[in-house]
Amino acid sequence: MHLEGSCHCGAVRFGLEAHSPVPFMHCHCSICRKTAGSGGYGINLGGDATTLKVRGQKHVGIYHAVMREPGQRPTRSKAGRHFCVKCGSALWLWDPRWPELVHPHASAIDTPLPQPKEVVEAALDYAASWVDVPRGAGHVHCRKWPSESLEQWHKRHGVWSAPAGS
């Protein structure tokens with residue numbers, strides 16, 4: 001599926017191909033909540049990094065979060081959270097450990113996205129106390145991270161779009 005996205009002020013526009021375009025997971029970790037969460041969580045999609053085309057690149061900043069785990073020294077994340085330096089909109093995440101993937105924020109996507117039949121509420125151990133976490137049918141709760149990958153979830157639900165040539 002081809003996705004088009006932009007920041008709020010319009011200084012940055014981007015497009016890419018996404019094999020996993022369904023916004024299936026709410027991430028409640030403190031990094032997503034503080035850098036991109038409007039409901040107390042961030043939602044990332046999965047896309048093909050080789051297809052990412054950006055207009056307004058000069059307005060894109062990159063933030064590498066500091067990871068603070070109890071009992072460990074703080075470390076800087078390898079993942080780069082891309083955002084518009086003019087309006088602050090979260091745009092996408094890219095991590096050199098998985099160079100073929102880019103994770104656009106669903107909130108930055110202008111293309112209509114499919115509605116998920118199931119939503120994974122991830123990293124609930126880090127959720128803010130004020131967040132009203134949805135419960136009931138169609139909501140899977142994970143204290144940390146789901147064991148199922150983005151690709152596995154999309155394949156299980158029959159919404160994976162295989163890359164061209166595979």
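Colleague: Where does A123 lie?

Modeller: A123 is in the loop between strand 12 (119-122) and strand 13 (139-141). Strands here are DSSP runs of E with at least two residues, helices are runs of H or I with at least four, and both are numbered from the N terminus. Before we go on: this is a predicted model, where local features need pLDDT of at least 70, side-chain atom pairs count only at pLDDT 80 or more, and totals for chains, interfaces and linings use all residues. Residues are numbered from 1 along each chain as its sequence is written, and side-chain values use heavy atoms, with hydrogens and water left out.

Colleague: Why is A123 called buried?

Modeller: Its relative accessible area is 0%. Buried means under 20%, exposed means over 50%, and partly exposed is in between, with a 1.4 Å probe and protein chains only. So A123 counts as buried.

Colleague: What makes the phi of A123 worth a remark?

Modeller: The phi of A123 is positive, about 60 degrees, although A123 is not a glycine. Most residues other than glycine have a negative phi.

Colleague: What about P134: which loop holds that residue, and why is P134 called partly exposed?

Modeller: P134 also sits between strand 12 and strand 13. Its relative accessible area is 27%, so P134 is partly exposed.

Colleague: Which residues does P134 touch?

Modeller: Leaving out residues up to four places away in sequence, P134 touches E121, H139 and H141. A contact means heavy atoms within 4.5 Å. P134 and E121 are 13 residues apart in sequence, with C-alpha atoms 8.0 Å apart.

Colleague: What does the secondary structure of the chain come to?

Modeller: The chain has 2 helices and 13 strands.

Colleague: How do you know that the size of the chain agrees with a compact globule?

Modeller: The radius of gyration, taken over C-alpha atoms, is set against a rule of 2.2 Å times the number of residues to the power 0.38. For 166 residues a compact globule would have a value near 15 Å; the chain has 16 Å, so the two agree. The C-alpha trace spans about 40 × 40 × 30 Å along its principal axes. Of the 166 residues, 42% count as buried.

Colleague: What share of the contacts joins residues 24 or more positions apart?

Modeller: That share is 58%, among contacts with a separation of 6 or more.

Colleague: What makes two strands a pair?

Modeller: DSSP must find at least two bridges between them. Strand 1 (residues 2-6) and strand 2 (residues 13-17) have 5 bridges and run antiparallel. L3 has L16 as its bridge partner, and G5 stands opposite F14. The two strands form a hairpin with 6 residues between them, and G10 in the turn has a positive phi of about 85 degrees.

Colleague: Which other strand does strand 2 pair with?

Modeller: Strand 5 (residues 53-55) is joined to strand 2 by 3 bridges, again antiparallel. There, F14 has V54 as its partner.

Colleague: Which strands form the open sheet?

Modeller: The order is 4-11-10-9-6, with antiparallel pairing.

Colleague: What makes strand 4 (47-48) and strand 6 (60-63) edge strands?

Modeller: Each pairs on one side only. Strand 6 has 4 bridges to strand 9 (residues 80-84). One of the facing pairs is I62 with H82.

Colleague: Why is H59 called buried?

Modeller: Its relative accessible area is 18%, so H59 is buried. H59 is in the loop between strand 5 and strand 6. Beyond four places in sequence, H59 touches A11, V12, F83, C84, V85 and K86.

Colleague: Is S89 buried or exposed?

Modeller: S89 has a relative accessible area of 16%, so S89 is buried. S89 is in the loop between strand 9 and strand 10 (90-94).

Colleague: Why is K155 called partly exposed?

Modeller: Its relative accessibility is 46%, so K155 counts as partly exposed. K155 lies in helix 2 (residues 150-156). K155 and C87 are 68 residues apart in sequence and 35 Å apart in space, C-alpha to C-alpha.
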